Amino acid sequence: MAFTNRTHISQAFKAAVPIMLGYVAIGLPCGILCSSIGLDGVQVLLLSYLFYSGAGQFMLPNMFLAGAPLASIIASISFVNTRQMLYAASFAPYCSKASKVLSFFFAATVTDESFGVSIKEFEAGRWSPDRALMVNLFSQSSWAWSNFAGVLIGNAVGVPLAIASFAMTSIFICLMVTQRMSAENVVAMVFAAAGVFLCKLSGLGGPAILIGAVAGVVVALVFSRLVPGKGASARSAAGPGPEADQGEDRPAAAAGEAVSSSSSCAALPGAARPREADGV
């Protein structure tokens, strides 16, 4: 059994350690924010295991505190998480021989960070679905229990919500600067940020993230169709690799990176603050 292979477990854990440490740093403030809207430790723990979306879990309390309508919260979080479908599509060719159960849990636990780690290993030909799933599970456990600890801290210590909510902006800054700087990603970042900014100026604070993300993705997709050589040249700059023989798989992976970038930029100016901070 692959899950009892100590070598695979050790390799997966080593690959997941940087993600796990990062999730501690952002999971604590996320738990603090969740406690500010009345969620207890058990609820946050279950949310982290069943929903497992760093961006979504940050957006939920931030948008709630900002007084965003329920429909806007659901639509914004749902759209931001649609990038998971692209991640799953990128991994599909590598999981063709895996069991349906393993493939299901693997696809359900992929995040931006674990996607970046595993896709490189798959393309290099030194990874397997069980190791990729273990990376996801190690990362998820770190995230879930960090959120739980954050709730306990939030209940015991009065942490200013403005400080805690900035953690959302921080994680998206990290995601943005670690993206492959292809032309498509840059276009997605610029137009997503511009979309959110214009929405804020026009008073559309609630759906700003959703509109900005849509604008970034749509413009980036149109750009990639009209100027296909830009993305290819940016990828080739990194040098040839195993992906050169996997041309059919690369568009899905590139699309996943572009959506991740656009959702990152969309959230940068939209990290909602408590009502008092917005002057409401």
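1. How many helices and how many strands are there in the chain? The chain has 13 helices and zero strands, where helices (H or I, at least four residues) and strands (E, at least two) are DSSP runs numbered from the N terminus. The model is predicted, so local features need pLDDT of at least 70 and side-chain atom pairs count only at pLDDT 80 or more, while totals for chains, interfaces and linings use all residues. Residues are numbered from 1 along each chain as its sequence is written, and side-chain values use heavy atoms, with hydrogens and water left out.

2. Of the 280 residues of the chain, 44% count as buried (under 20% relative accessible area, with exposed over 50% and partly exposed in between; 1.4 Å probe, protein chains only). Contacts (heavy atoms within 4.5 Å) between residues at least 6 apart in sequence join, in 83% of cases, residues at least 24 apart.

3. Two packed helices are described by the angle between their axes and the distance between the axes. Axes here are lines fitted to C-alpha atoms, for helices over the stretch in contact, and angles run from 0 to 180 degrees between N-to-C directions. The axes of H1 (residues 6-36) and H8 (residues 129-156) come within 6 Å and cross at roughly 25 degrees. H1 and H8 are therefore roughly parallel to each other (angles under 35 degrees; over 145 is roughly antiparallel, 65 to 115 roughly perpendicular and the rest oblique). By class, the contact of H1 with H8 comprises 20 nonpolar, 12 polar and two charged residues.

4. Helix H3 (residues 54-65) packs against helix H4 (residues 70-80) at an angle of about 160 degrees, with the axes 10 Å apart. That angle makes H3 roughly antiparallel to H4. On the H3 side the contact includes Ala-55, Met-59 and Phe-64, and on the H4 side Ile-73, Ile-77 and Val-80 are among the residues met. The contact of H3 with H4 holds eight nonpolar, three polar and no charged residues.

5. H3 is mostly covered, with nine of its 12 residues buried. Among them are Gln-57, Phe-58, Pro-61 and Asn-62. The 12 residues of H3 should span 16 Å at 1.5 Å a residue, and its end C-alpha atoms are 17 Å apart, which agrees.

6. Gly-38 lies in the loop between H1 and helix H2 (41-50). With 57% relative accessibility, Gly-38 counts as exposed. Gly-38 and Asn-155 are 117 residues apart in sequence, and their C-alpha atoms are 9.9 Å apart in space.

Methods:
Nonpolar A, V, L, I, M, F, W, Y, C, P; charged D, E, K, R; others polar. Expected span 1.5 Å × (residues − 1).
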